[in-house]
Each structure stands twice: as structure tokens, then as C-alpha cells.
Amino acid sequence: MTVPPGLNEPPDWDAIARHRDGELDGAEERRVAEWLAAHPRDAALLDALDEQLAAQLTPRAVPAPEPDVEAALRAVHARMDDAPTARVIPFPLTRPASGTRRRPMRWVAAGIAAAAAIGALAVGLTRDRAADGLPRPVAAGSVVATAVGVRDSVRLPDGTRVVLGPASRLTVAAGYGGSARDVEVEGVAFFDVTHLPATSFIVRAGPATIRDLGTAFTVRTEARDSARGVIVAVTVGSVELNPDHASAQSVVLRAGERGESHSDGGAIIRSAMQDSDVAWTRGRLLFADAPLTTVRADLLRWYGVELQIADSSLLTRRITASFDGEPVDSVLRVIALALGANVERRDSVAVLRSGTSR
């Protein structure tokens with residue numbers, strides 16, 4: 001769908017709430033109605049959220065309880081998983097200014113509560129920057145960066161599709177599409193490469209270079225304090241993983257395989273691809289026998305929370321867990337329980353201590 005000029009800026013939650021409650025009129029009502037008409041997927045998600053909230057409120061003579069917006073959003077998220085093209089509503093979710101009149105309508109309550117709930121449910125919710133829900137095109141020389149808890153989908157000039165994970169960065173070479181197709185990744189990305197026999201597709205990621213041999217694959221660059229430098233997992237076809245160390249040899253990885261190229265050199269570690277390698281593309285956060293350095297990097301990437309390890313003895317422990325939209329405090333509690341540790345969170349910092357610490 002072609003979006004008319006001026007309709008790319010979404011309304012705020014208060015305007016949406018008043019539109020749903022029939023309180024808007026004039027130019028403001030036309031603007032909201034036109035925006036929803038131009039963004040049918042977002043309108044459909046609003047309908048789904050409204051339906052879930054309505055199901056939780058039973059008409060009674062006494063005041064109804066506050067709607068459980070987190071539960072409603074989780075239900076909508078489950079429906080989103082069944083529709084691969086669905087995207088989360090990209091509204092600027094902010095609370096009304098202090099003193100703003102609160103209307104006794106469930107949509108206003110939902111909008112205000114959802115502002116906080118969606119922030120907590122960042123895992124699993126994708127914002128698509130293209131108006132029609134498709135990967136947006138980017139040109140050679142572009143830099144694409146995502147915020148904490150946000151994924152993005154783009155299409156390179158040759159048709160290659162890239163899904164960029166939260167807090168990640170994709171740099172497309174200025175000469176992309178000519179004699180070479182080079183990109184650089186920091187963070188997490190999935191590539192579905194358009195294979196051109198005459199021109200290799202090259203991904204530069206940390207201490208390694210990945211060359212496409214006709215494939216789809218994920219790339220993850222690890223934190224600087226992790227011994228694991230780059231992890232590549234192949235879902236279709238094959239890739240050549242080249243460590244940027246003269247002493248290490250390249251390895252060809254085929255569908256269903258993963259390879260780890262360590263930042264300190266050495267041979268590439270080859271193993272079977274894990275669900276956790278691709279689960280993030282569906283909005284799920286999986287840890288499969290993961291070291292705490294990986295857990296720490298993902299918490300920062302998905303939730304914006306820095307995990308500090310107060311006891312060095314915990315650094316040798318590993319985590320196996322699955323999360324699908326839980327608030328960050330719930331995630332932290334599960335991690336602490338799995339480690340037999342205690343966790344204390346203060347704003348954007350969480351401190352993990354062994355259970356015997358005081």
C-alpha cells in the first residue's frame with residue numbers, strides 16, 4: 001500500500017484512545033482515521049488488543065477491575081506468531097502529561113497501561129519501519145541500527161533480505177552491488193542472500209569474515225569479554241567462515257551447522273545448529289547451555305538492563321532457559337533461580353550474587 005505524505009507519523013495513545021471511544025472530531029479525528037486506514041496491520045492489531053481487553057472485562061454494576069494489559073498483549077503476541085507478516089503497533093507509547101484528564105473508558109486505561117507493558121514486553125515484539133509491513137529497501141552506503149528490544153527487516157539493492165536483531169548495526173559498503181557485495185555486522189542478524197555466482201556476498205563480523213555460497217544464515221558477534229567472537233548458524237545452503245587469524249583455517253558450514261570463531265584465534269568450533277540461533281527472529285529469547293557472558297549481552301540487547309556479576313564463581317555457570325515476552329524482572333528471577341543466586345535490580349542495572357553472599 002502506498003502511504004500518502006504526512007501519514008507516516010503515528011498518532012499518540014491518547015488520540016487513539018479517544019478515537020476508539022468516539023470522542024474525537026474534526027481534523028484530529030480525520031488524521032487518526034486516515035492513519036489507521038493507511039496502516040491496516042496496525043489497525044488489525046488494535047482490534048485484536050481491544051478484543052482481548054474486552055474479554056477480560058465483565059459488565060457489572062460495580063466498577064470493573066483494571067484490565068490485565070500484559071495478558072492481553074501476550075495473547076495478541078501469540079496470534080502474531082501465527083501470522084508471520086504481522087507487526088507490532090509502532091506508536092510512540094508515552095503516558096499522558098501530568099494532570100491530563102483520565103477518561104473512564106477501557107481504551108484509555110489500556111493505552112496508558114500498555115505504554116508500560118509494551119516496554120516490558122519488548123522481547124518478541126517487532127517494529128517494522130516499512131508502511132506496508134515488507135522489508136524496507138536500503139541503498140549502498142547505508143547504515144541501519146536498531147534500538148534496544150527492536151528488530152528491523154531491510155532489503156539490500158540485490159534483493160538480499162536482512163533481519164537485524166535488537167541493539168544491532170548493519171553497515172552496507174558504499175560500492176555494494178558492483179564488483180563486490182560487502183556488509184559489516186555488529187550484534188545479531190539473519191541473512192537470506194540473493195545468490196549471484198559472479199559476485200560473492202561477504203559479511204564482516206568481529207574477528208571473522210563470512211562468504212555466502214548460496215544460503216540463509218544467522219550471524220552473532222559476542223561481547224568483547226567473551227571468548228566466543230562470532231557465531232554463524234546456517235539454515236539453508238552453505239557459507240565459508242574465515243577467521244581473521246593467519247593460524248586458523250576457514251571452514252565450510254552447511255545447513256543445520258553452526259561455527260564459532262573465537263576472538264583469540266584457534267580452530268573454528270563446528271557443531272549442530274541450535275534453536276537459540278534462530279529463535280530471536282521470531283521474537284523469542286532462548287539460552288541453551290549459554291555462558292553468563294551471552295546472557296548478559298542479550299539482557300542488554302533486548303531489555304536495556306546491564307547484568308553485573310558480583311561473584312566470579314558464577315561466571316563458570318551456564319543457563320538453559322526460554323523466554324517469550326516476559327517482563328525483565330521475571331526473566332531476572334528465572335536466571336537467578338537457575339543459578340541458585342540472588343538478583344537485585346536498580347533501574348537499568350541488575351546485580352547477581354551467589355546464594356551464599358550477604
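How many bridges join strand β16 to β18, and in which sense do the two strands run? I opened the notebook with this point, bearing in mind that the model is predicted.

**Entry 1: β16 and β18**

I found 5 bridges between strand β16 (residues 285-291) and β18, and the two run antiparallel. Within this pair I noted that L286 stands opposite S322 of β18. I then looked at the two faces of strand β18, which spans residues 318-323. Its covered face consists of I319, A321 and F323.

**Entry 2**

I next traced an open sheet of 3 strands, ordered β17-β20-β19, with mixed pairing. Its edge strands are β17 (306-309) and β19 (341-346), each of which pairs on one side only. On average, neighbouring strands of this sheet are turned by 25° against each other, direction ignored. For β19 and strand β20 (residues 349-354) I recorded antiparallel pairing over 6 bridges. E344 stands opposite V351 in β20.

**Entry 3: helices across the sheet**

Which strands does helix α6 lie across? I found helix α6 (residues 292-303) across β17 and β20, running at about 150° to β17. Helix α7 (residues 328-339) lies across β17, β19 and β20, and its direction is at about 155° to β19.

**Entry 4: helix α7 in detail**

I checked the span of α7: its 12 residues reach 17 Å from the first C-alpha to the last, close to the 16 Å expected at 1.5 Å a residue. I listed V328, V331, L332, I335, A336 and L339 as the buried residues of α7. They cover an arc of only 130° around the axis and therefore sit on the same side of α7. The face turned away from that buried side carries the exposed residues R333 and L337. Just after α7, I noted that G340 takes a positive phi of about 65°.

**Entry 5: V154**

Is V154 buried or exposed? I placed V154 in strand β3 (residues 152-155). Its relative accessible area is 3%, so V154 counts as buried, the cut-off being under 20%. Leaving aside neighbours within four places in sequence, I found V154 in contact with P135, R136, V138, V144, T160, R161, V162 and L170. For V154 and L170, which are 16 residues apart along the chain, I recorded a C-alpha separation of 10.0 Å.

Methods:
Residues are numbered from 1 along each chain as its sequence is written. This is a predicted model: local features need pLDDT of at least 70, side-chain atom pairs count only at pLDDT 80 or more; totals for chains, interfaces and linings use all residues. Side-chain values use heavy atoms; hydrogens and water are left out. Helices (H or I, at least four residues) and strands (E, at least two) are DSSP runs, numbered from the N terminus. Buried means under 20% relative accessible area, exposed over 50%, partly exposed in between (1.4 Å probe, protein chains only). Contact means heavy atoms within 4.5 Å. Two strands pair if DSSP finds at least two bridges between them. Axes are lines fitted to C-alpha atoms, for helices over the stretch in contact, and angles run from 0 to 180 degrees between N-to-C directions. The expected span of a helix is 1.5 Å times one less than its number of residues. The arc is that of the directions from the helix axis to the C-beta atoms.
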